[in-house]
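I kept these notes while looking through the structure for the first time. Each entry says what I looked up and what I found.

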Amino acid sequence: MKPTLPRRRAHVLPTLAALVVAPLAIALSACAGPAAKPGPAPGLAAPAATAASHRSDLLDRLRPLCGQAFAGRVVVDTPKSADDPFAGKPLVMHVRECGANEIRVPFHVGDDRSRTWVLRDDGTRFNLKHDHRHADGSADAMTLYGGDWRESPRAGRYEFPADDESKALFGKLGRAVSIPNVWAIEIDERRFVYELARPGRLFRVEFDLTQPVLAPPPPWGS
């Protein structure tokens with residue numbers, strides 16, 4: 001028995017429609033340009049962009065704190081030394097002197113006022129130095145060591161690998177272990193972190209910027 005005409009049309013007509021619609025869909029797709037990349041799944045935040053820390057940022061962040069002091073605590077000390085000079089002592093940083101190119105931050109460990117962090121940017125070099133003094137104001141043999149700034153991929157972090165002068169000083173004073181030192185400062189709205197790192201050694205002290213404390217006496221030698 002021959003198939004009826006209507007059944008033959010039922011097969012032909014969809015085929016003709018597909019021949020017309022397919023080229024049209026391809027043309028429209030080409031006009032639309034590249035497809036958008038899928039976004040994050042619902043409920044998942046897109047990863048935040050990471051901004052580099054630039055040399056001028058640190059001094060700019062510290063200037064509003066000038067004159068204020070903040071209490072701190074050691075958060076990492078590896079390996080811990082048997083004669084830990086920080087154990088059981090109040091730790092206070094004091095953003096004491098803010099010049100156009102230099103900021104001095106004494107770091108008080110109990111009654112020991114021998115340490116001052118010196119951040120200086122003269123347009124050519126931006127460095128962190130450690131000014132160490134005796135109680136009579138005279139300079140310690142191990143003083144004015146530190147490093148030159150290098151860019152960090154993390155916003156709010158500033159790194160200072162030991163410079164050539166410091167490496168020479170360490171070698172002269174029998175402190176070759178300190179030659180690979182990298183100091184770092186991290187700062188945001190709530191905290192200031194000072195860090196010392198080298199192979200086998202990590203020290204970090206963190207200060208709470210949300211609660212200023214009474215300013216300490218001047219550092220030795222000031």
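I looked up the largest pocket and found about 690 Å³ of space in it. The search runs on a 1 Å grid over the protein atoms alone, and a pocket is an open set of points where a 1.4 Å probe fits, with protein on both sides within 12 Å along at least five of seven lines. Grid points are joined across faces, edges and corners, and the volume is the space filled by probe spheres set on the points. I noted 28 lining residues, of which Phe86, Arg115, His132, Tyr145 and Leu196 lie nearest the centre of the pocket; a lining residue has an atom within 4 Å of a point. Strand 5, strand 6, strand 10 (191-198) and strand 11 each give two or more residues to the lining. Strand 5 supplies the largest share, four residues.

The model is predicted, and local features need pLDDT of at least 70, side-chain atom pairs count only at pLDDT 80 or more, while totals for chains, interfaces and linings use all residues. Residues are numbered from 1 along each chain as its sequence is written, and side-chain values use heavy atoms, with hydrogens and water left out.

Entry 3, the outline. I read off three helices and eleven strands. Helices (H or I, at least four residues) and strands (E, at least two) are DSSP runs, numbered from the N terminus. From that end the order is α-α-β-β-β-β-β-β-β-β-α-β-β-β. Of the 222 residues, 33% are buried; buried means under 20% relative accessible area, exposed over 50%, and partly exposed in between, with a 1.4 Å probe and protein chains only. I also looked up contacts, meaning heavy atoms within 4.5 Å. Among contacts with a separation of 6 or more, 49% join residues 24 or more positions apart.

Entry 4, strand 1. Strand 1 (residues 69-78) runs antiparallel to strand 2 (residues 91-94), with four bridges joining them. Two strands pair if DSSP finds at least two bridges between them. Ala71 stands opposite Val92 of strand 2. Strand 1 is also antiparallel to strand 11 (residues 201-213), here with eight bridges. Thr78 has Leu202 of strand 11 as its bridge partner. The peptide bond from Thr78 to Pro79 is cis, with omega near -10 degrees. Pro79 lies in the loop between strand 1 and strand 2.

I looked up His94, which sits in strand 2. Is His94 buried or exposed? His94 counts as buried, at 7% relative accessibility. Leaving out residues up to four places away in sequence, His94 touches Gly67, Gln68, Ala69, Arg104, Val105, Pro106, Ala215 and Pro216.

Entry 6, aromatic rings. I found twelve aromatic pairs in the structure. Rings of Phe, Tyr and Trp (its six-membered ring) pair if their centres lie within 6.5 Å; planes under 30 degrees apart count as stacked, over 60 as edge-to-face and the rest as tilted. One of the pairs is Phe107 with Trp117, stacked at 4.8 Å centre to centre with 25 degrees between the planes. Phe107 is in strand 4 (residues 102-109) and Trp117 in strand 5 (residues 112-121), ten residues apart. Phe107 is buried at 3% relative accessible area, and Trp117 is buried at 2%.

I placed Gly110 in the loop between strand 4 and strand 5. Gly110 is partly exposed, with a relative accessible area of 27%. Gly110 touches Lys89 and Pro90, again not counting residues up to four places away in sequence.

Which residues of helix 3 (residues 164-172) are buried? They are Ser166, Leu169 and Phe170. Seen down the helix axis, the buried residues fall within an arc of 100 degrees, so they line one face of helix 3; the arc is that of the directions from the axis to the C-beta atoms. On the other side, Asp164 and Lys172 are exposed. The cover over the buried residues includes strand 6 (126-132), strand 7 (145-148) and strand 9 (182-187).
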